[in-house]
Amino acid sequence: MPQEFHQEQTIAGPVSFTGVGLHSGAPVTMRLLPAAGGSGIVFRRTDLDNFEIPAIARNVAKVSYATSLMRQAVLISTTEHLLSALIGMGIDNVIVELDNLELPILDGSALPYIEGIRSVGIELQRRKREYLRILKAVEVCDGDKFIGVYPGDGYSIEYKIDFPPPIGAQSFTLDLATETYGSELAPARTFGYKEDEARLREMGLIRGASDQSVIVLSRDAVLNGPLRYEDEFVRHKVLDLIGDLALAGRRIQGRVVAERAGHAMHTALVSRLLRDRSAWELARIPLKKQDTATEEDRLTTV
């Protein structure tokens, strides 16, 4: 996303995807449509009279193995990969139409979404983008799990994980201002251990998982390699985090640090941040070091 542009963006035309949901296994067709400035990211269930659910924190529902949204008992499941792709590509406004409850898992990464967006192009809009500028630290802790957001330039993320073998400890840092999301993060796929498969299926989960959509691990090796990156696992966690933080409703300007976190902690951070009105301000342009915002650049209402 070119940093000289501080206007909102949408896609330049419609783009469609078909597949199955990771957890439901249900077939789904999804279409991304351009949206007007200021409308944000809105999901629309075409199988339920075009019922709409904005991708914002107050609509967060289940967040154990995926991030789902719910409004008036209508569910949209496994939103994180698409939301991550939209943030990574600098898309502010889009309508997401789907004819079932869960987004398609595709290859388990955000790459198909990136390729679809690139195929139709990105349209610059007249409305200025509003950033959620972090003013002070906000943190969520749970034992040895941790996530926090801090003031900073750009939008940087540092993530550490420590899983059983063959993953082990990995760390990764990315600044979305460098415009490397498509090459460094989007291709990173979701993953799981073969020994957990039966238990998860008994819970009604991963019914749509396959060797084509999930990196499958034993306690000794990757069973369906090769990996796209040596550290693909932590890169996918960063991908998920960007998607979950999209539920703040605006692109963050600040620094995010996470260690052994997951969807529940990601969305808990969003909720805690938005509740603490002293922790952020809305700004029309991202500040660089030594810059000073004018009153015109600052916003005082959500």
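Q: A pocket is an open set of points on a 1 Å grid, with protein on both sides within 12 Å along at least five of seven lines; its lining residues have an atom within 4 Å of a point. Which residues lie nearest the centre of the largest pocket?
A: This is a predicted model. The lining of the largest pocket counts 38 residues. Five of them lie nearest its centre: Tyr 65, Phe 163, Thr 190, Phe 191 and Gly 192.

Q: How much space lies in the largest pocket?
A: Its lining divides into 15 nonpolar, 10 polar and 13 charged residues. The space within comes to about 1,100 Å³.

Q: Which element gives the largest share of the lining of the largest pocket?
A: Several elements each supply at least two lining residues. Among them are the strands β13 (155-163) and β15 (191-193), and the helices α1 (80-88), α5 (232-245) and α6 (263-275). The largest share is 4 residues, and it comes from α4.

Q: How much space lies in the second largest pocket?
A: This pocket is lined by 29 residues. Nearest its centre lie Gly 40, Ile 56, Ala 248, Gly 249 and Arg 250. Its space amounts to about 680 Å³.

Q: How many residues of the lining of the second largest pocket are charged?
A: The nonpolar class takes 15 residues of this lining. The polar class takes 6. The charged count is 8.

Q: Are α1 and α2 oblique or roughly perpendicular to each other?
A: The axes of α1 and α2 (residues 111-120) come within 9 Å and cross at roughly 45°. Roughly perpendicular needs 65 to 115 degrees, and roughly parallel needs under 35. The pair therefore counts as oblique.

Q: Which residues of α2 make the contact with α1?
A: The crossing of these two helices is right-handed. From α1, the contact takes His 81, Leu 82, Ala 85 and Leu 86. By class, the contact has 6 nonpolar residues, 1 polar and no charged. The α2 side consists of Tyr 113, Ile 114 and Ile 117.

Q: Which residues line the second largest cavity?
A: There are 2 cavities of 30 Å³ or more. The lining is made of Thr 78, His 81, Leu 82, Leu 103, Pro 104, Ile 105 and Tyr 113.

Q: How do α1 and α5 lie relative to each other?
A: Their axes come within 7 Å and cross at roughly 80°. The range of 65 to 115 degrees counts as roughly perpendicular. Therefore α1 and α5 are roughly perpendicular.

Q: How many charged residues are in the contact of α1 with α5?
A: On the α1 side are Glu 80, His 81, Leu 83, Ser 84 and Ile 87. On the α5 side are His 236, Leu 239, Asp 240, Ile 242, Gly 243 and Asp 244. The classes include 4 nonpolar and 4 polar residues. The charged count is 3.

Q: Is the crossing of α5 and α6 left-handed or right-handed?
A: These helices pack at an angle of about 35°, with their axes 9 Å apart. The crossing is right-handed.

Q: Which residues of α6 meet α5?
A: From α5 come Lys 237, Asp 240, Leu 241, Asp 244 and Leu 245. The contact has 4 nonpolar, 3 polar and 3 charged residues. From α6 come His 263, His 266, Thr 267, Leu 269 and Val 270.

Q: What is omega for the peptide bond from Pro 165 to Pro 166?
A: Pro 166 sits in the loop between β13 and β14 (168-175). The bond from Pro 165 is cis. Its omega is near 10°.

Q: Where is Pro 226 found?
A: A cis peptide bond joins Gly 225 and Pro 226, with omega about 5°. Pro 226 belongs to the loop between β16 (215-217) and α5.

Q: What is phi of Asp 49?
A: Asp 49 is in the loop between β4 (41-45) and β5 (51-54). Its phi is positive, in a residue other than glycine. The value is near 55°.

Terms used: Residues numbered from 1 in each chain as written. Predicted model: local features only at pLDDT ≥ 70, side-chain atom pairs only at ≥ 80, totals over all residues. Heavy atoms only, no water. 1 Å grid on protein atoms, 1.4 Å probe; cavity = no way out; pocket = protein on both sides within 12 Å on 5 of 7 lines; lining within 4 Å. Points joined across faces, edges and corners; volume = space filled by probe spheres on them. Nonpolar A, V, L, I, M, F, W, Y, C, P; charged D, E, K, R; others polar. Axes fitted to C-alpha atoms, helices over the stretch in contact; angles between N-to-C directions. Parallel < 35°, antiparallel > 145°, perpendicular 65-115°, else oblique. Left-handed = near helix turned anticlockwise from the far one by under 90°. Contact = heavy atoms within 4.5 Å.
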